[in-house]
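Please open the model in your viewer and keep the selection panel at hand. The stops below are given in the order in which they can be selected.

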Amino acid sequence: MEQYLIYNTLSYPILTVLVTVPLFGAIITLAIRGDRNLKIWGLLVTLLTAVLSLPLYSSFDLTTAKYQFAEFSTWIPFVNIDYVLGVDGISVLLVLLTTLVMPLCILCSWTYIKERFKEFICVLLLMEAAMIGVFVSLNTVLFFIFWEAMLVPMYLIIAVWGGPRKDYASIKFFLYTLIGSIFLFVAIIALYVTTGTFFIPELMTHHYSFSYQMWIFWAFTLAFAIKIPMWPLHTWLPAAHVEAPTAGSVILASILLKMGGYGFLRFCLPMAPGATAYCMPYLIAVSIISIIFGGYLALGQNDIKRLIAYSSVGHMGFVTLGIFLLNDAGIKGAILQMINHGITTGALFICVGIIYERTHSREISDNSALGIMMPIYVTFLVIFSLSSLAFPGTNSFVGEFLVLMSSFSKYKIVGGLAVIGAILAAAYMLRLVQKMVWADSDGHIHHGEKSHLSDLNFRETATLAFLAIFVFWIGLHPAPFLKVMDASTAHLLQQLESGMNVLPAGHGEPHALLNGVGESIKHLLALK
Amino acid sequence: MALYLPELTLLLMALVFFFASLGNLKESRLRSLGLLLSAIAVTASVYSYGFKGSLFFEAYRVDAFSQVFKVIITFGLFIVIYLGDGLYGVDDTLRPEYYLFLTISAFGLVSMSSAVELITIIISLEISSFALFIIIPFRKQGAYREQMEAGIKYALFGVTASGITLYGMSYIFGMTHTTYLADLMKIIPGVILKKPLMLIGLVMLLSGFFYKLALFPMHFWAPDVYEGAANETTSFVATLPKVAAVALLIRLISLAGADASQFTWVMMIFAVLSMTFGNLSALVQTDLKRLLAYSSIAHAGYLMIGLLCASELGYLSGIYYVAGYLFMNLACFFVIYHLAPQGRNISFDDLKGLYKRSPLMALTLAVGAFGLAGIPPTIGFTGKLFIFTAAIKKDMYALVILAVINTGIAIFYYLKMVRAAYTSVDDEVSPLNLRVSTSVLGIFLIVIIILLGTFPQGFIDFAKEAVAAVI
């Protein structure tokens, strides 16, 4: 174990605490009465978790690719399942993103949620525990348990507090994600039977035959491609986003989608490097389709939430593109892009929630010309929109730039196609901003239906301002964030290098067929 | 005497209820009596855990294996009696008899787990079945007299299954000249690959237990019987006989030896058809009991995967899974029973707004249904993890993939149940006022489904000892 883990030296078992504080918080919630007390309790628990998670950043050892703050204890010895937690440069930022976004989810639900407050806070906290659990688990079974445990609270968030078509959206979300993960489950068991361990770092060190790698690669990829989501498995996302309450949308966009990208980096690349190298052209092609398709569909939307949902498909396309370029800048760009998307799109969903509370509509046409009535609101809206289209100086620029740079350096056509996606992003975001802020306004407030709109209050301003800080911090000074990833990305690439050379030799006809398709896609993309 | 203690306490219980049926006791008295006596039976089973020995000329073996099952069965009986608070569904005049035959059936099941000789097996099987034939029509008179149909169906199918079992036994006896499992175990593995008749005999012998387990192709009775019997009777029929069936299936499958490939193939086909048929049919059900019947057919398929691995891990996971299945199903039936104070059947419409009427009931149903669906951290998930691990260890990848696809299909209808319970209704709903003792059972079921799922090691240690006694 010691060769993979650096045991926790802080005064408290930080990762266990991060999982259990929200969990126990959720249980205690059931005993609290009064909406106001519940809100305050939820905020306290999430803030406490956030504060407790800060040492992950300050005490993080930048020089090692080992798993830090690790904890280990045996759990089910009879099948060799242990309770192992740890974070490395890939997961630590995602954990921090989770803990920092959750208090905002409580804040943005402060007045949005009208009924069943107790249950709402309870499922939100359960959700937080499960999400942190996914990022810190170093045991495949533990990972899977947290992965599936997220489903039920998220389902309830959509099904109970959702919009008019919540039934349809929630069941679609549930079934899609679940069907993706059942193959993940088989892959986990198959890996255990082959190697005798569920311990993730050890699974990475084994070398598997090529066809075995192909099987587990696709089992993993199906699950993660649904979660992230990649075209053509994205159809659950717009439905879920549109119907979910604000906090649900924020969790979905900021954290849940990241699990797909995290899964690719944690499982597919290091455990099946040969298959990854082999399947790279297909996944790059699908990523490009996601980028352009997402952007193109976003152009045609009239519902603000739906527009942002489709933009997510495009943004996550950049993430998968970065991951499967399989080089340093691409992977770092992808991780940073995940964080950026979490901040920016989360903020945009909060913006939508704020305006929905005031006008009870998410149609762009019902929410036009707000600039004169709500100056603070539109300031934030413009900041986050610019960030979403990767305007220089904002956070997304850095991530998208890294991905584009590495795709140009590797395959020019891929880079060229991805740029189309970036242009589309500018088109749909600017269209949104233009309509919502200015539209046909003549610069005066008329006594009409919208004159009652009030600008942001302190709570809303604080929520958005907190995220805006990160927009500029990462945009102007991304080095501290990129440094965190250095060692782990290098280690990951090294694992890839050493495993990539498993030649696809000795496999049967179906692979040869795939090979032909792969070659022609490579030709199409003018790959080397 | 001490070896036979659990059975004796159950016989005593039956005797007490026999005399009670002569008198005129109130329902609440009867129930307290049942609770007390079944609690004694549980205690006796726990007390006799660790005893070893054999009775009746080696035909009846008491070992760690049988005792684990006795504990599970008597405990299940206790919960079923606890659950049926008020016996809403059973005809008023037949209440003492209901308890009497419930006990006798449990006695038969307990005997099944100890029986190691073919005649003893068939006698215990019949004792448990006949008692159930009688109590299924005990339901209060409904509009359609569907309980009569259910009773007849259960009896006819049961008798046919027993007939097939006996016929199979005659083959086996004819070829081996013995009825003792211990002797059969020495002979069968040598001949099963050479003599197809032995294979046929063994499969026919198993039919009786497929019937109890509701495994394809002996599953036809399940939906109608579940639907026709009273809710509290169904909660017994749906759970305990399966536990005993698993006990005997483990004993009988291990007869075939570890590498009887044809035999394994037959079992595999049954398992796959059972899962697929059960899940696909469950998708379109509107009556919850019918739905659970089809779901139980599907679960029989999953269970079979564990058992047909014929390995230590396979048997272990089978025992673990069936215990989990007992609790998860009881959780669902607990909700069904308490939702229908007149003892009628429950459909999806009756679940609407359950969340508002009683949050605890809705949560119990959710935990039970998600457990059956195999979502962590419940016992259903851990059980599936063990079963699939056992199967992949035997290189049965195709079987596992078919099983997980089935799990995926199954999620849909379990989710439908939960969704119905959490759907809000527009008009005001009457709250369900649960007694404290009822709430306690709900909380207990939730806790045990999650706890046993998260920390299975303790249970596994017991089961391991049990399995060691058979293989």
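Begin with P377(B), which sits in the loop between helix 17 (359–373) and helix 18 of chain B. In this predicted model, the peptide bond that joins P376(B) to P377(B) is cis, with omega about 5°.

Next, select helix 12 of chain B, residues 261–282, whose 22 residues should span 32 Å at 1.5 Å a residue, in agreement with the 31 Å between its end C-alpha atoms. The buried residues of helix 12 of chain B are F263(B), M267(B), F270(B), A271(B), S274(B), M275(B), G278(B), N279(B) and A282(B). Because they cover an arc of only 135° around the axis, they lie on the same side of helix 12 of chain B. What do the buried residues of helix 12 of chain B pack against? Their partners are helix 8 (196–213), helix 13 (288–308) and helix 19 (397–422) of chain B. Turn the view to the face directed away from the buried side of helix 12 of chain B, and the exposed residues S261(B), W265(B) and I269(B) are found there.

A last stop in chain B is F56(B), in the loop between strand 1 (53–55) and strand 2 (60–62) of chain B. Phi of F56(B) is positive, near 50°, although the residue is not a glycine, and F56(B) counts as exposed because it has 12 C-beta neighbours inside 10 Å.

Now move to chain A and select helix 5, residues 117–136, whose 20 residues should span 28 Å at 1.5 Å a residue, which agrees with end C-alpha atoms 29 Å apart. Since 18 of the 20 residues of helix 5 of chain A are buried, this helix is largely enclosed by the rest of the structure.

Two helix pairs in chain A follow. Helix 6 (residues 140–149) and helix 8 (residues 166–195) of chain A pack at an angle of about 170° with their axes 10 Å apart, and that angle makes helix 6 of chain A roughly antiparallel to helix 8 of chain A. To show the contact, select T140(A), V141(A), F144(A), W147(A) and E148(A) of helix 6 of chain A together with S181(A), L184(A), F185(A), I188(A) and L191(A) of helix 8 of chain A; by class, the contact has 7 nonpolar, 2 polar and 1 charged residues.

For the other pair, select helix 12 (residues 246–271) and helix 20 (residues 479–500) of chain A, whose axes come within 8 Å and cross at roughly 30°; helix 12 of chain A and helix 20 of chain A are therefore roughly parallel to each other. L265(A), L269(A) and P270(A) of helix 12 of chain A meet L492(A), Q495(A) and L496(A) of helix 20 of chain A in this contact, which divides into 5 nonpolar, 1 polar and no charged residues.

Finish with two loops of chain A. P232(A) is in the loop between helix 10 (210–227) and helix 11 (236–243) of chain A, where a cis peptide bond with omega about 5° joins W231(A) and P232(A). H360(A), in the loop between helix 15 (328–359) and helix 16 (375–388) of chain A, has a positive phi of about 55° although it is not a glycine, and with 8 C-beta neighbours inside 10 Å H360(A) counts as exposed.

Key: Residues numbered from 1 in each chain as written. Chains lettered and ligands numbered in written order. Predicted model: local features only at pLDDT ≥ 70, side-chain atom pairs only at ≥ 80, totals over all residues. Helix = DSSP H or I, 4+ residues; strand = E, 2+ residues; numbered from the N terminus. Expected span 1.5 Å × (residues − 1). Arc of directions from axis to C-beta. Contact = placed C-beta atoms within 7 Å. Axes fitted to C-alpha atoms, helices over the stretch in contact; angles between N-to-C directions. Parallel < 35°, antiparallel > 145°, perpendicular 65-115°, else oblique. Nonpolar A, V, L, I, M, F, W, Y, C, P; charged D, E, K, R; others polar.
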